[in-house]
Amino acid sequence: MNLKDSSLEEFTGVKAERGEKNQIVFIKYDMNIPFISFDEGMWDYFEPELNRRLADLDVDDSVSARVRAALTELLPAGMCGVEDVAFELGMSKRTLQRKLSEEHTTFQKQLNNTREVLALHYLQNTDMSANDIAFLLGYREIQIKNRNSRRGYAYDE
């Protein structure tokens with residue numbers, strides 16, 4: 001951000017200051033002011049999932065968990081490559097692979113795990129077709145192949 005740009009200051013009424021970290025600091029008073037557009041119904045819808053994700057963050061701050069979280073957001077956009085996730089996490093592909101190796105895992109294992117968790121979520125909580133789910137998981141098409149898969153399903157990438 002250009003500190004000479006006054007649009008942020010005009011919008012917030014606060015002058016931006018250069019610091020050692022990128023951050024926005026709020027005073028407690030401001031945090032207790034209700035949103036103008038607050039919608040109790042929407043909050044009731046989103047709050048359980050937000051609380052679940054916060055609990056996951058508290059439990060596991062490993063690179064593997066960060067990869068799975070990034071994949072959860074990137075997969076529906078068709079971005080499921082190691083390069084996509086490395087960029088999202090702000091590191092090089094090689095650094096990501098090295099850090100996953102230090103945790104005795106691989107990117108492919110994390111991708112497969114994330115796809116499985118999301119597939120189960122979609123199957124249990126939505127009425128989406130298998131093809132729609134496959135698309136959201138980054139597959140081009142779904143094929144049932146009992147001979148070629150221990151789990152009874154296989155996907156073409």
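## Confidence in the model

In this predicted model, helix α6 (residues 93-102) has the highest mean pLDDT of the chain's elements, at 96, while strand β2 (residues 154-156) has the lowest, at 49. Here pLDDT is the predictor's confidence in each residue, from 0 to 100. Helices (H or I, at least four residues) and strands (E, at least two) are DSSP runs, numbered from the N terminus.

For the protein chain, the mean pLDDT is 81, with 82% of residues at 70 or more. Over residues 144-150, pLDDT stays under 50, and the model has five contacts (heavy atoms within 4.5 Å) for them beyond four places in sequence. Where pLDDT is low, the predicted coordinates should not be read in detail.

## Overall layout

Let's follow the chain along its sequence: the pattern is α-α-α-α-α-α-α-α-β-β, which gives eight helices and two strands. Of its 157 residues, 22% count as buried, meaning under 20% relative accessible area, with exposed over 50% and partly exposed in between (1.4 Å probe, protein chains only).

## A residue to look at

Now find phenylalanine 46 in helix α3 (residues 40-59). Is phenylalanine 46 partly exposed or buried? Phenylalanine 46 counts as partly exposed because its relative accessibility is 40%.

## How to read the numbers

Residues are numbered from 1 along each chain as its sequence is written, and side-chain values use heavy atoms, leaving out hydrogens and water. Local features need pLDDT of at least 70 and side-chain atom pairs count only at pLDDT 80 or more, while totals for chains, interfaces and linings use all residues.
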